Amino acid sequence: MGGCISASSHGEVASPTCFDVGCCGSKRTKRSFLDHVIGLQHLPSVPNRIFTNGKSRSSCVFTQQGRKGINQDAMIVWEDFMPEDVTFCGVFDGHGPHGHLVARKVRDALPLKLLSSLHSCQSRQNGTGQTCFKGSSDKLESGGSEKEVSAEDRLTSLWREAFMKSYKAMDKELRSHPNLDCFCSGSTAISIVKQGSNLFMGYIGDSRAVMGSKDSNDSMVAVQLTVDLKPDLPREAERIKKCKGRVFALQDEPEVCRVWLPFDNAPGLAMARAFGDFCLKEYGVISMPEFSHRLLTERDQFIVLASDGVWDVLSNEEVVEIVSSAPSRSSAARILVDSAAREWKLKYPTSKMDDCAVVCLFLDGKMDSESDYEEQGYSSATIQSCHSGNAGESDDGGNKSEPSLQRNFTVRTSEESDSFGNGGLRPEELEGNGNTVAGEDENWSGLEGVTRVNSLIQLPRFSEERPNQ
């Protein structure tokens with residue numbers, strides 16, 4: 001898509017500043033923030049930024065189109081996102097008629113907005129007399145001073161504010177985009193920043209992050225890092241209902257709770273937070289991310305980010321097992337997607353497989369040799385026609401071959417709701433596998449948000465009539 005730096009981003013970089021989250025005023029700063037942003041004019045050629053199937057120094061990424069039309073998933077790994085061992089990773093799952101365009105737009109613009117927001121927050125902190133602090137802060141010892149603990153808290157606070165501001169700015173840009181209709185289209189987002197031993201996460205929707213870590217017996221265990229933000233999560237449902245939105249599942253898909261307008265059975269969004277989807281933003285669907293911080297240890301091995309096409313058919317434990325047992329690190333993402341594809345065929349043979357996108361980040365920073373990688377049938381320059389991130393992609397809907405009239409089915413139309421509201425299951429729909437939920441915020445099954453309705457897209461027709469007060 002080329003440079004996608006918004007006007008608001010340019011407006012926040014008037015003066016250079018230290019942006020290695022090091023010591024303010026230090027002459028050792030490698031690059032000013034302004035220089036860094038100017039270097040992003042041609043995003044596809046930025047070094048150590050990958051957004052198509054391939055690998056980097058410490059990660060591998062892979063996406064595969066499902067059977068619902070154009071691939072609406074997007075992903076990114078950006079090493080050297082900032083100096084001093086900072087890596088950005090993200091997975092974005094689009095939905096609706098223009099979901100693929102929204103996901104790509106977010107993939108390209110959100111990291112820039114995060115940089116801009118961090119710069120803005122850092123400048124304000126410096127203006128109040130607070131000092132910058134090194135981002136590669138190691139794990140604090142139990143005997144650390146109060147000053148050290150305060151620095152750790154300030155670092156977390158800085159990133160929290162940056163994530164909040166950048167997600168808000170991203171949604172604002174989508175709302176005002178002149179060529180991208182996001183009224184009934186949107187995207188999930190899960191983005192992480194690894195800064196030394198610190199891991200910062202911001203996420204909306206139902207894409208998920210899971211970490212593979214070793215327990216005291218050196219056995220690999222799965223640690224879920226995020227919560228699937230679905231409408232039936234109690235706190236999400238409460239907010240939506242307070243805003244007059246409705247949350248319920250249709251009789252023909254009782255396992256899928258959706259968000260509906262108060263006066264019409266549309267659009268039927270299967271997530272509680274998303275970018276775009278402005279038809280529901282006044283009724284409880286928000287783009288404010290959940291934020292969390294985790295201090296990594298030597299036992300933590302890798303992190304997997306994936307869209308719900310993977311989690312719909314594989315458990316956290318299965319994903320960690322597949323990645324940890326892959327014959328090479330560089331093939332882990334591809335093998336995981338292949339495993340998900342096989343599970344779709346086994347569990348839902350008459351359903352259309354969802355798009356899958358995977359990022360595997362290995363925390364020790366190591367990757368296989370290039371020769372090992374080529375033996376798997378790939379190279380670091382591999383670009384496949386999976387619509388996940390070609391250099392010629394456009395975020396303004398200008399691509400002549402897009403959009404496809406097939407959809408992700410996270411949004412369901414009023415016509416479909418009316419047609420299948422009698423509780424009769426279609427022949428191709430299968431019952432869920434009955435996975436249980438361990439707790440309100442723990443291990444939410446991906447199956448609780450998957451829908452297996454297969455049809456062509458029809459834009460919701462919103463009724464002008466509202467119920468009598």
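## Close-up views of a predicted model

View 1. Asp80 belongs to strand β4, which covers residues 73–82. The model is predicted. The phi of Asp80 is positive, about 60 degrees, although the residue is not a glycine. Most residues other than glycine have a negative phi. Is Asp80 buried or exposed, or does it fall in between? Its relative accessibility is 35%, so Asp80 counts as partly exposed.

**View 2. Asp218 has a positive phi in a loop.** Here the residue lies between two strands, β9 (208–214) and β10 (220–224). Asp218 is not a glycine, yet its phi is positive, about 65 degrees. Asp218 counts as exposed because its relative accessible area is 53%, and the cut-off for exposed is over 50%.

View 3. The bond joins Ala266 and Pro267. Its omega is about -5 degrees. Most peptide bonds are trans. Pro267 belongs to strand β13, residues 267–269.

**View 4. Strand β7 is covered on both faces.** One side carries Ala189, Ser191, Val193 and Gln195. The other carries Ile190, Ile192 and Lys194. Both sides are buried, Lys194 and Gln195 included.

**View 5. Strand β7 pairs with β5 and β8.** Strand β5 (residues 86–95) and β7 are antiparallel, with 6 bridges between them. Cys89 faces Ile192 of β7 across this pairing. Strand β8 (residues 198–204) is also antiparallel to β7, joined by 7 bridges. There, Ser191 stands opposite Gly202 of β8. β7 and β8 make a hairpin, with 2 residues between the strands. Gly196 lies in the turn and has a positive phi of about 65 degrees.

**View 6. Six strands form an open sheet.** The order is β2-β3-β17-β16-β9-β10, and the pairing is antiparallel. Which strands stand at the edges? They are β2 (54–55) and β10. Each has a single partner strand, so one side of each lacks a neighbour in the sheet. At the β10 end, 5 bridges join β9 to β10 in the antiparallel sense. Val210 stands opposite Gln224 of β10 in this pairing.

View 7. α7 touches β9, β10, β16 (300–306) and β17 (356–362). The direction of α7 makes about 130 degrees with that of β10. α8 (residues 332–347) touches β3 (59–64), β16 and β17. The direction of α8 makes about 30 degrees with that of β3.

View 8. Asn316 is part of helix α7, residues 316–324. Its relative accessibility is 6%, so Asn316 counts as buried. What are the polar partners of the Asn316 side chain? One is the side chain of Arg208, at 2.7 Å. Another is the side chain of Gln224, also given as 2.7 Å. Gln224 is the residue of β10 that stands opposite Val210.

View 9. α8 has 16 residues. Its first and last C-alpha atoms are 22 Å apart, close to the 22 Å expected at 1.5 Å a residue. An α-helix has 3.6 residues a turn, so residues three or four places apart point the same way.

View 10. The protein chain has 10 helices and 17 strands. Of its 469 residues, 58% are buried. Among contacts with a separation of 6 or more, 74% come from residues 24 or more positions apart. The average pLDDT is 75, and 65% of the residues score at least 70. Residues 370–376 have pLDDT below 50, and this stretch makes 14 contacts in the model beyond near neighbours in sequence. Residues 413–465 also stay under 50. For them the model has 141 contacts beyond four places in sequence.

Notes: Residues numbered from 1 in each chain as written. Predicted model: local features only at pLDDT ≥ 70, side-chain atom pairs only at ≥ 80, totals over all residues. Heavy atoms only, no water. Helix = DSSP H or I, 4+ residues; strand = E, 2+ residues; numbered from the N terminus. Buried < 20%, exposed > 50% of the residue type's maximum accessible area, 1.4 Å probe, protein only. Polar contact = N/O pair within 3.5 Å; in protein donor to acceptor, adjacent residues only side chain to side chain. Pairing = 2+ DSSP bridges. pLDDT = per-residue confidence, 0-100. Contact = heavy atoms within 4.5 Å. Axes fitted to C-alpha atoms, helices over the stretch in contact; angles between N-to-C directions. Expected span 1.5 Å × (residues − 1).
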